[in-house]
Amino acid sequence: MYIYIQGTGCVSPQETAAGNTFPAAVLPWEGPRLKAWEPDYKQWIDVKLIRRMSRVIKMGVAAAKLSLQEAGVEVPDAIITGTAYGCLDDTGVFLSKMINQQEEMLTPTAFIQSTHNTVAGQIALMLGCHAYNNTFVHKAFSFESALLDSIMILREGRSSSILAGAMDELTNHSFNILSRFDLYKKEPVTYEQLLKSSTHGTVAGEGAACFALGTEKGPNTKAKLTGLTTLYKPVGKAEISPDITSFLAAHNCSQEEVSLVITGRNGDASGDEWYEYVENTLFAGKPVAGFKHLCGEYPTAASFGMWLGNRILAEQQVPADVLLKGKVPEQIKKVLIYNHHKQTHHSLILLTAC
Amino acid sequence: MEKLMAALKAQIVEQLNLQEVKPEDIGDDQPLFKDGLGLDSIDALEIIVLLQQHYGIRIANPEQGPEIFHSVRTIAEFITAHQTAK
């Protein structure tokens, strides 16, 4: 059984939500924090509902609507999301009120909207979808877990159409806290420089990407989701290579057949060593693309990578701004996305053109 | 009463984050719920908290809710009556 990507939607620090194609130009940024480029949400969400939604909910709903529109699906058989941080902004509002008002007179809105499954729930409410609704909160495997659940349900034949996606937001508060963990670059950096950087740290990002997955080809289907796997805390770089080889073999794909490798390179020198190792040992001479100079680093950033992979297969070209090295073949048939988050959560996603 | 109603309208707009509504757009006798301003049960809870925070009023009998929250004027009358009774 094949699993087809029938539609995609993405809200990111780039203009990906305008037209759902790869933007003509990269929106430049400077500094350690990338903020999502937000479309006019009123085109998808009723004004009366928008007033209660924080940014991550709006981003998630917009990405979901875009993907369903492209797929021509009105109500999916299941809604499955992944998020590491959840609805941070509303959580902050609610907790601040608890402290400031000494646990008295707490208003319901921020509490209702602060749970991690708010986005999936909100999408279901808007669509009138009473089917399976699940949200995975597994740090940097949240998106992959949502995808894995979707794949299993589709393979079991319990559903034929699933909305899967991931979303994470960055708030002023969370950015300040994460900065204290020394995750981000101290020196000024631009999108052209980030992936060539040899210093410590990366840039913070956020975004939402959704995929309408199905067991049948849709009118706009361009790619299949061929495989997915996760690797937690591999002992060292040497452990990654055989894992990638066996992952490809399990999906009847050789290294030679991979047309393009998309890596989660983020400009952090020690983290990027993993990608360099894999590029040099397994995919020497292969074209390599990157994406975190467009969306920043966040635990569910692999969803942006998968959105990019699908777009590349759909348009059969790799935008110059994402190609890091190598020559792209005339026909792009298979795209491997290799991403890791802080060197602990590694994931592989294989997409095939159709 | 006019001053109180103007203050209430501004507080409702702020507390409920009514982005497309200005305080002066809300009529004194315009129904707040359903076909009027379109507020819902979550908004009712927000208004209950608003009354508690700004006017120190607790709604003792929930069944009075629909009557009190009918419009800005009915809320203002309830506040005035409550403050007079104090």
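Asp43(B) and Arg51(A) are both buried in this predicted model. The two residues form a salt bridge, with their closest N and O atoms 2.7 Å apart. This pair crosses between chains: Asp43(B) sits in helix α2 (residues 41-55) of chain B, while Arg51(A) lies in the loop between α1 (47-50) and α2 (55-71) of chain A.

Over all chains, the structure holds 18 salt bridges. Here are three of them, with the distance from N to O.

| Salt bridge | N to O distance |
|---|---|
| Asp43(B) and Arg51(A) | 2.7 Å |
| Glu276(A) and Arg265(A) | 3.4 Å |
| Arg311(A) and Glu315(A) | 3.0 Å |

Let's look at the two pairs within chain A. Glu276(A) and Arg265(A) meet in a salt bridge. The pair links distant parts of the chain, 11 residues apart, with Glu276(A) in helix α10 (residues 269-281) and Arg265(A) in the loop between β7 (260-263) and α10. Arg265(A) has a relative accessible area of 10%, so it counts as buried, whereas Glu276(A), at 34%, is partly exposed.

Arg311(A) and Glu315(A) are four residues apart in helix α12 (residues 302-315) of chain A, so about one helical turn separates them. Arg311(A) is buried at 9% relative accessible area, and Glu315(A) is partly exposed at 30%. Elsewhere, salt bridges with shared partners join Arg51(A), Arg52(A), Asp40(B) and Asp43(B) into one network.

Now to chain B as a whole. Chain B has four helices and zero strands. Its radius of gyration is 12 Å, which agrees with the value near 12 Å for a compact globule of 86 residues. Of those 86 residues, 41% count as buried. Chain B carries 7 positive and 14 negative side chains, and the centres of the two sets lie 7 Å apart.

How values were computed
Residues numbered from 1 in each chain as written. Chains lettered and ligands numbered in written order. Predicted model: local features only at pLDDT ≥ 70, side-chain atom pairs only at ≥ 80, totals over all residues. Heavy atoms only, no water. Helix = DSSP H or I, 4+ residues; strand = E, 2+ residues; numbered from the N terminus. Rg over C-alpha atoms; globule rule 2.2 N^0.38 Å. Buried < 20%, exposed > 50% of the residue type's maximum accessible area, 1.4 Å probe, protein only. Lys, Arg positive; Asp, Glu negative; His and termini not counted. Charge placed at Lys NZ, Arg CZ, Asp CG, Glu CD. Salt bridge = Lys/Arg side-chain N within 4 Å of Asp/Glu carboxyl O.
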